[in-house]
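Trainee: I have a model open and would like to learn how to read its features one by one. Could you walk me through it?

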Amino acid sequence: MNGSDDQRSRVGLKARVLRAGEARTAPQEWGCLTWFADAALGNSDEVTVGRCLLHPGCANPRHSHPNCSEVLVVIQGRIAHTIEDGRDVELETGDTISIPPRMAHQARNIGSGDAILMLTFTSAQRQVEGE
């Protein structure tokens with residue numbers, strides 16, 4: 001594809017802004033999920049971006065994503081992330097884990113304060129099984 005072909009393929013595409021008050025937050029007994037970009041919010045056709053807040057000693061339910069990969073970055077705190085074969089891997093601030101589609105996983109906060117995780121999925125219509 002040359003430069004003019006690339007420019008033509010982007011005709012009609014526009015940047016989409018989601019204001020802070022428009023993010024979608026789903027409180028959970030273990031913390032909360034906040035969604036910043038996905039198809040339902042109308043500001044992404046390709047990815048889902050969110051944040052998970054886990055209270056100390058709490059874990060989200062074991063689950064998987066049949067239609068997408070997930071990349072999780074620990075922004076704050078320490079977690080144990082259960083992945084294949086029930087194995088735990090410990091992650092702390094700045095660590096990243098990439099989880100392939102259909103792999104059951106679960107994050108548990110093993111620190112003394114709230115853990116904050118940034119989440120990115122390779123689909124704007126993220127599916128969840130087992131949550």
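**Reading strands, core and loop**

Mentor: Let us start with a pair of residues: V74 has L117 in strand 9 as its bridge partner. Strands here are DSSP runs of E with at least two residues, helices are runs of H or I with at least four residues, and both are numbered from the N terminus. Two strands pair if DSSP finds at least two bridges between them.

Trainee: What should I know about the model before going on?

Mentor: This is a predicted model, where local features need pLDDT of at least 70 and side-chain atom pairs count only at pLDDT 80 or more, while totals for chains, interfaces and linings use all residues. Residues are numbered from 1 along each chain as its sequence is written, and side-chain values use heavy atoms, with hydrogens and water left out.

Trainee: How many helices and strands does the protein have?

Mentor: There are one helix and nine strands. Read from the N terminus, the order is α-β-β-β-β-β-β-β-β-β. Along the principal axes, the C-alpha atoms fill a box of roughly 55 × 35 × 25 Å.

Trainee: Which way do strand 4 and strand 9 run in their pairing?

Mentor: They run antiparallel, joined by six bridges. Strand 3 also pairs with strand 9, again antiparallel, through seven bridges. There, V49 has T120 as its bridge partner.

Trainee: How many residues of strand 9 are buried?

Mentor: Buried means under 20% relative accessible area, exposed means over 50%, and partly exposed lies in between, using a 1.4 Å probe and protein chains only. Five of the seven residues in strand 9 are buried, so the strand is mostly covered. For the protein, 34% of the 131 residues count as buried.

Trainee: Which residues touch the most other members of the largest nonpolar core?

Mentor: A nonpolar core is a set of buried Ala, Val, Leu, Ile, Met, Phe, Trp, Tyr and Cys residues joined through side-chain atoms within 4.5 Å. The largest one has 19 residues, and C52, L54, L72, I79, L117 and L119 touch the most other members. Two or more residues come from each of strand 2, strand 3, strand 4 (70-76), strand 7 (96-99) and strand 9 (115-121). The most come from strand 9, which gives four.

Trainee: What does I79 touch?

Mentor: Contact means heavy atoms within 4.5 Å. Leaving out residues up to four places away in sequence, I79 touches a list of residues including L54, L72, V74, V89, L91 and L117. Across the protein, residues 24 or more positions apart account for 65% of the contacts with a separation of 6 or more.

Trainee: In what order do the three strands of the open sheet lie?

Mentor: The order is 6-5-8, with antiparallel pairing. Strand 6 (88-92) and strand 8 (106-109) are the edges, each pairing on one side only. Neighbouring strands of this sheet are turned by 30° against each other on average, direction ignored; axes are lines fitted to C-alpha atoms, for helices over the stretch in contact, and angles run from 0 to 180 degrees between N-to-C directions.

Trainee: How many bridges join strand 5 to strand 6?

Mentor: Five bridges join strand 5 (residues 78-82) to strand 6. R78 stands opposite E92, and T82 stands opposite D88. The hairpin of these strands has five residues between them, and D85 takes a positive phi near 60° there.

Trainee: Let us turn to a loop. Is D38 buried or exposed?

Mentor: D38 is buried, with a relative accessible area of 6%. D38 sits in the loop between strand 2 (31-37) and strand 3 (48-54). A polar contact is a pair of N or O atoms within 3.5 Å; within protein, one must be able to donate a hydrogen and the other to accept it, and residues adjacent in sequence count only if both atoms are side-chain atoms. A polar atom of the D38 side chain lies 2.8 Å from the backbone nitrogen of L41. Beyond neighbours within four places in sequence, D38 is in contact with R24, N43, S44, V47, T48 and A124.

Trainee: Why does N43 count as buried?

Mentor: N43 counts as buried because its relative accessibility is 15%. N43 is also in the loop between strand 2 and strand 3. The N43 side chain reaches the backbone oxygen of F36 at 2.8 Å and the backbone nitrogen of D38 at 3.2 Å.
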